[in-house]
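Keep the viewer open as you read.

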Amino acid sequence: MPKEADAVFEGGGVRGTAFVGAIETMEAQGCVWQRIAGCSAGSIIAALLASGYSGYEIKAKMKSLDYRELLGRTWLNEVPLLSRALPLLLRSGMYVNEPLERTLEKWLAQKDIRTFGDLPRGKLTIIASNVSNGKMVVLPDDLPDYGLSPAEFPIARAVRMSTTLPFFFQPYRWQTPISHRPYLMLDGGLLSNYPIWLFDVPAVPRWPTFGFRLSEKRTYDPVRPIRGPISLFNAMFKTMLQAHDQRHVDKHSESRTIFIPTHEFVTTKFDLTEYDQAWLMESGQQAAQSFLRSWNFEEYKREFRAKEPAVDFVPLTQEEDRHLYH
């Protein structure tokens with residue numbers, strides 16, 4: 001297996017803890033991450049890896065974290081009997097996602113990283129959803145379209161946008177130089193929860209792209225019973241989350257995806273115990289070990305990339321990175 005690899009992490013809330021075990025296993029086999037992308041919970045892991053954290057270091061950070069402290073509360077959460085309903089009705093979300101941004105800001109600063117400009121160009125990609133204009137936002141690539149410089153945009157803010165679960169967290173209000181009103185930003189999973197396609201090019205790759213998913217192997221959902229407006233809304237919401245990525249999780253994508261079972265854990269279980277964390281991390285380790293036993297890069301290229309031209313990818317120098325960002 002080539003030492004270099006790109007990585008793409010899907011969303012999944014607190015279940016993203018399982019990614020840590022998979023990362024540790026891959027790195028133990030000598031894997032060195034080149035380009036890294038993530039959506040929602042996957043954007044947290046992607047940001048830390050891109051900033052120089054190892055899987056072992058990320059595990060230590062996660063173990064030190066009280067997930068409940070990430071639920072930003074306001075006075076609305078203190079109203080008796082209405083602590084969840086009131087902020088949901090008045091602010092379109094039960095909690096504020098600001099504590100995650102501050103925590104990640106602190107962790108990145110420990111590696112002397114703050115903005116996308118502190119990383120090599122193309123090192124990190126984060127997906128968010130602009131529900132004001134209905135567009136997927138690929139950060140930092142799309143920032144110039146909003147009148148902003150990638151070199152100056154905080155990575156922790158991008159992660160906050162990508163992890164703002166609809167209705168659970170209040171939408172992030174993003175004021176940009178080109179907008180008269182703030183854009184409302186939500187979880188990247190609304191438009192692409194598993195952007196495995198991000199690093200694909202029409203050429204034979206020098207190294208693979210590995211995807212990390214928090215699920216069993218791809219299965220198709222059973223028919224959803226619709227008996228009224230609430231069940232119709234739920235069905236529409238699930239369809240919206242899955243529609244874009246279902247096209248991309250084909251046989252090609254499955255061949256390079258590490259599927260990590262998370263069983264009964266739900267996205268918003270912010271009261272994870274130490275046992276829960278250990279179980280999820282162990283599941284990630286076992287999934288990566290199982291994947292590596294059968295993965296073969298040469299076989300992958302013959303089956304899925306043989307008809308494409310070979311291109312010798314030459315990474316940009318640090319000076320070229322700075323020039324292109326500024």
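**Around helix 5**

Helix 2, helix 3 (55-63) and helix 6 (155-162) are among the elements that cover the buried residues of helix 5. Before going on, some housekeeping: this is a predicted model, where local features need pLDDT of at least 70, side-chain atom pairs count only at pLDDT 80 or more, and totals for chains, interfaces and linings use all residues. Residues are numbered from 1 along each chain as its sequence is written, and side-chain values use heavy atoms, with hydrogens and water left out. Helices here are DSSP runs (H or I, at least four residues), numbered from the N terminus. Buried means under 20% relative accessible area, with a 1.4 Å probe and protein chains only.

So which residues of helix 5 are buried? They are Pro-99, Leu-100, Glu-101, Thr-103, Leu-104, Trp-107 and Leu-108.

Zoom in on Leu-104, which belongs to helix 5. Its relative accessible area is 1%, so Leu-104 counts as buried. Leaving out residues up to four places away in sequence, Leu-104 touches (heavy atoms within 4.5 Å) Ile-44, Ala-47, Leu-48, Ala-156 and Val-159. Take Ala-47: 57 residues separate it from Leu-104 in sequence, yet their C-alpha atoms are 8.7 Å apart.

Now for the neighbour, helix 6. The axes of helix 5 and helix 6, lines fitted to C-alpha atoms over the stretch in contact, come within 8 Å and cross at roughly 145 degrees, on a scale from 0 to 180 degrees between N-to-C directions. On the helix 5 side, Glu-98, Leu-100, Glu-101, Leu-104, Glu-105 and Leu-108 take part, meeting Ile-155, Ala-156, Arg-157, Val-159 and Arg-160 of helix 6. Sorted by type, the residues of this contact are six nonpolar, no polar and five charged, with Ala, Val, Leu, Ile, Met, Phe, Trp, Tyr, Cys and Pro as nonpolar, Asp, Glu, Lys and Arg as charged, and the others, Gly among them, as polar.

Technical notes:
Buried < 20%, exposed > 50% of the residue type's maximum accessible area, 1.4 Å probe, protein only. Helix = DSSP H or I, 4+ residues; strand = E, 2+ residues; numbered from the N terminus.
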